[in-house]
Amino acid sequence: MIEKYLNKITLGDSLQILGGGVNDSSIDLIVTDPPYGDGCGYGRNGKTILNNEDESINYKIIPLLYKVLKPDKSCYLFTNWKFESKIRHFIENETNFNIRMLICIVKNNFGLGYGFRNQSEYCLVLEKGNPKYNLNDFSNVLKMQHIQHDQETHPHQKGLYLIKKIIRHSSNEGDIVLDCFSGSGTTAVACSELNRQFICIEKDEKYYKLSLDRLKNDTAQQKLFIL
Ligand SMILES: C[S@@+](CC[C@H](N)C(=O)[O-])C[C@H]1O[C@@H](n2cnc3c(N)ncnc32)[C@H](O)[C@@H]1O
């Protein structure tokens, strides 16, 4: 069943697909960035993210992530300062994942305004069993490159370098990487550049189409580069 989703971005609902369409213990690495739950609009255009009204989608997806991950493999789950403690509490009490590390991601830039400006995101490293890691220079404070936003871009696009570093640390060439909230397709692009197989799922058609274009253009660039 997994072949249907392999090396493509699928337009669909990850709760349904992981609940029925992806085999248990079939994924080598999960890198995923679910809606955090803060329900806000982004930027001047007030862009929104599906299922971002509250953090409940995290509680539904995390047990499914455990189910599809192979033993002795890792899952990187992004969140923010507001929900990290609630999600950690859920993982510790309701799942079989071990929490190995909390990574603080420092964004290159932040918007000026009243009160306290947020320049960080967080990523929980979850383990099923005892995974192995590849790099010797992986800090739990990572910097994220500036993402130039316009009317079309995904408001939560992650830095490509950051995602590639995570993938290099926790997988090998040919491995299958899952991102079930793939947004603008950063994980798919990273996998294609690093010779990993991928399963990416995105429910919002607008971002699904944007990610297909991004993946196509990136792959074309890679081929030109190789030539
Ligand atoms: C925080 S964003 C991910 C951004 C991504 N990391 C990137 O670099 O572009 C979360 C994404 O999950 C999608 N989403 C929300 N509910 C979903 C569901 N049930 N199944 C699949 N995708 C979903 C949203 O449309 C949104 O694009």
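# Cysteines, helices and an open sheet

Biologist: In this predicted model, is Cys 75 buried or exposed?
Modeller: The relative accessible area of Cys 75 comes to 0%. Since burial is assigned under 20%, this value leaves one reading for Cys 75, namely buried.

Biologist: How many disulfides does the structure hold, and how far from Cys 75 is the nearest cysteine sulfur?
Modeller: A disulfide is a covalent bond between the sulfur atoms of two cysteines, and the cut-off applied to the pair of sulfur atoms is 2.5 Å. The structure holds zero disulfides. Cys 75 accordingly takes part in no disulfide, and the nearest cysteine sulfur, which belongs to Cys 180, lies at a distance of 8.0 Å.

Biologist: Which cysteine has the sulfur closest to that of Cys 191?
Modeller: Cys 191 is itself buried, with a relative accessible area of 0%. Its closest cysteine sulfur is 6.3 Å away, which is too far for a bond; the residue that carries this sulfur is Cys 200.

Biologist: How many of the nine residues of H5 are buried?
Modeller: The buried residues of helix H5 include Thr 186, Val 189 and Glu 193, and Cys 191 is also one of them. H5 is largely enclosed by the rest of the structure, because the number of its nine residues that are buried is eight.

Biologist: Which residue just after H5 takes a positive phi, and what is its relative accessible area?
Modeller: The residue is Asn 195, with phi of about 60°, a positive value in a residue other than glycine. Asn 195 has its place in the loop between H5 and E8. It counts as partly exposed, at a relative accessible area of 46%.

Biologist: Where does Asp 72, with its positive phi near 60°, lie?
Modeller: Asp 72 is a residue other than glycine for which phi is positive. It is partly exposed, with a relative accessible area of 40%. Its place is in strand E3.

Biologist: Which strands stand at the edges of the sheet?
Modeller: The sheet is open and has eight strands with mixed pairing, in the order E1-E8-E7-E2-E3-E5-E4-E6. Neighbouring strands are turned against each other by 20° on average, direction ignored. Each edge strand has a single partner, so one of its sides is left without a neighbour in the sheet; the two edge strands are E1 (8-11) and E6 (141-144).

Biologist: Which residue of E3 is the bridge partner of Leu 29?
Modeller: Strands of a sheet pair through backbone hydrogen bonds, either parallel or antiparallel. Strand E2 (residues 27-32) and strand E3 (residues 69-79) pair in the parallel sense, over five bridges. The partner of Leu 29 in E3 is Ser 74.

Biologist: At what angle do H2 and H3 pack?
Modeller: Two packed helices are described by the angle between their axes and the distance between the axes. For H2 and helix H3 (residues 84-94), the axes are 11 Å apart, and the crossing is right-handed. The contact is made by Asn 58, Tyr 59, Ile 62 and Pro 63 of H2 together with Lys 86, Ile 87, Phe 90 and Ile 91 of H3, and by class it has six nonpolar, one polar and one charged residues. The packing angle is about 40°.

Biologist: How far apart in space are Ile 62 and Phe 90, C-alpha to C-alpha?
Modeller: Ile 62 is found in helix H2 (residues 56-68) and is buried, with a relative accessible area of 0%. Beyond its neighbours within four places in sequence, Ile 62 is in contact with residues including Leu 77, Thr 95 and Phe 90. Although Ile 62 and Phe 90 are 28 residues apart in sequence, their C-alpha to C-alpha separation in space is 9.3 Å.

Terms used. Residues numbered from 1 in each chain as written. Predicted model: local features only at pLDDT ≥ 70, side-chain atom pairs only at ≥ 80, totals over all residues. Heavy atoms only, no water. Helix = DSSP H or I, 4+ residues; strand = E, 2+ residues; numbered from the N terminus. Buried < 20%, exposed > 50% of the residue type's maximum accessible area, 1.4 Å probe, protein only. Contact = heavy atoms within 4.5 Å. Axes fitted to C-alpha atoms, helices over the stretch in contact; angles between N-to-C directions. Left-handed = near helix turned anticlockwise from the far one by under 90°. Nonpolar A, V, L, I, M, F, W, Y, C, P; charged D, E, K, R; others polar. Pairing = 2+ DSSP bridges.
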